[in-house]
Amino acid sequence: MNKFGGNWTEAKMEIVVNYAKAYLRIMNKQSWAKTLYFDGFAGSGLIGVNEDDEAIKGTALRILDIVEPKPFDMYYFVELDINKKISLENRVNTDYFGRNAHVVQDDCNKKIVDMAGFLKKDSAYRALAFIDPYGMTVNWSSIEALKGLGIDLWILVPTGLGVNRLLKNNGDIEEGWLLKLEKFLGLPRDYILNHFYKEKSRFTLFGEEKTISKEDNVIEKIGQLYTERLKTVFKAVSESFVMRNSNNSIMYHFMMATNNPAALTIANDVVKPKYKL
């Protein structure tokens, strides 16, 4: 069982499910098209709210519950944890027998690239992907593999909980963290540092002193930067569902990237004002 991440977790799942329903209504009118649902961090299928409450269905099972106007033609669930993978596989085989559903234990980055190869080979397929990672585990090179393909990608970006924590206030970032930032954003460290830090000079009795400090509203800037990065791969990116904790600090930005203008309109409709917490 997965742990419940916060009151925005339910809203996040509702966004994906509502979008999937609208997506399937549109795709049902495209008789030539086949539909693929891809979940890169599928979990066990159930989410624990807390120790006293019953578990609730996670996104994977909620997507499988959609039958009107039609189910997806194929489901591909990726989960690295073997125990969660087995739990989800058992539920799929028991409760959704007969669906063209695959549950695999593997790294999401590898399977995103594999999906890109699949979509290039079979142009009849259109994909809806949901990437809800554990921290900064999705490499930018994996996202780049999706360029030019018929895919709508919902992705959770750990702007506050991940990237911002690596950007130390004084700019003194250790080598391992810099490598992680480069891998996640697909940008050189000089660009990252120049984008998120400012240098100030002041003159003292001992000459000029320079200090480096982090930019204001850096978490919002991280969200904006990732949106711009996605626009180098996709034609459009939706507004973000901004997730905050109980202290009103931003934890994540949740957004959808697409090459379809109609899909962008739907995505912005499901990211309703009530979700912009």
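A residue is called buried when its relative accessible area is under 20%, exposed when it is over 50%, and partly exposed in between, as found with a 1.4 Å probe on protein chains only. By that scale lysine 180, at 37% relative accessibility, counts as partly exposed. This is a predicted model, in which local features need pLDDT of at least 70 and side-chain atom pairs count only at pLDDT 80 or more, while totals for chains, interfaces and linings use all residues. Residues are numbered from 1 along each chain as its sequence is written, and side-chain values use heavy atoms, with hydrogens and water left out.

**Overall build**

- The chain has ten helices and 13 strands, where helices (H or I, at least four residues) and strands (E, at least two) are DSSP runs numbered from the N terminus.
- The radius of gyration of the chain is 20 Å, close to the 19 Å that the globule rule gives for 277 residues, so the chain is as compact as a globular protein of that length; the radius is taken over C-alpha atoms, and the rule is 2.2 Å times the number of residues to the power 0.38.
- Taken along the principal axes, the box filled by the C-alpha atoms is roughly 80 × 45 × 35 Å.
- Of the 277 residues, 49% count as buried.
- A contact means heavy atoms within 4.5 Å, and among contacts between residues at least 6 apart in sequence, 72% join residues at least 24 apart.

**Aromatic rings**

- The structure holds 14 aromatic pairs, and rings of Phe, Tyr and Trp (its six-membered ring) pair if their centres lie within 6.5 Å, with planes under 30 degrees apart counted as stacked, over 60 as edge-to-face and the rest as tilted.
- One of these pairs joins phenylalanine 41 and tyrosine 134, which lie 5.3 Å apart centre to centre with 85° between the planes, an edge-to-face arrangement.
- This pair links distant parts of the chain, 93 residues apart, with phenylalanine 41 in the loop between β2 (34-39) and β3 (46-48) and tyrosine 134 in the loop between β7 (125-131) and α5 (140-144).
- Phenylalanine 41 is buried, with a relative accessible area of 14%, whereas tyrosine 134 is partly exposed, with a relative accessible area of 42%.
- The rings of tryptophan 140 and tyrosine 226 have their centres 5.5 Å apart and their planes at 90°, so this pair is edge-to-face.
- Tryptophan 140 in helix α5 and tyrosine 226 in helix α9 (residues 218-230) are 86 residues apart, so to speak distant parts of the chain linked by the pair, and both residues are buried.
- Ring pairs also link Tyr19, Tyr23, Tyr37, Phe72, Tyr75, Phe77, Phe130, Trp154 and Phe254 into a cluster.

**Backbone features in loops**

- The peptide bond from glutamate 68 to proline 69 is cis, with omega near 0°, and proline 69 sits in the loop between α2 (59-64) and β5 (74-78).
- Asparagine 217, in the loop between β10 (207-214) and α9, has a phi near 50°, a positive value in a residue other than glycine, and at 55% relative accessibility asparagine 217 counts as exposed.
- Asparagine 248 also has a positive phi, of about 70°, although it is not a glycine, and its place is the loop between β12 (241-244) and β13 (250-258).

**The second largest pocket**

- On a 1 Å grid over the protein atoms alone, a pocket is an open set of points with protein on both sides within 12 Å along at least five of seven lines, and lining residues have an atom within 4 Å of a point.
- The second largest pocket has a volume of about 280 Å³, and of the 18 residues that line this pocket, the closest to its centre are Tyr23, Met27, Arg126, Asp152 and Asn260.
- The largest share of the lining, four residues, comes from α1.

**Two lysines and a covered helix**

- Lysine 70 is found in the loop between α2 and β5, counts as buried at 14% relative accessibility, and touches Leu24, Asn28, Ala33 and Thr35, not counting residues up to four places away in sequence.
- Helix α6 (residues 159-166) is mostly covered, with six of its eight residues buried.

Technical notes. On a 1 Å grid over the protein atoms alone, a cavity is a set of points where a 1.4 Å probe fits but cannot get out, and a pocket is an open set with protein on both sides within 12 Å along at least five of seven lines; lining residues have an atom within 4 Å of a point. Grid points are joined across faces, edges and corners, and a volume is the space filled by probe spheres set on the points.
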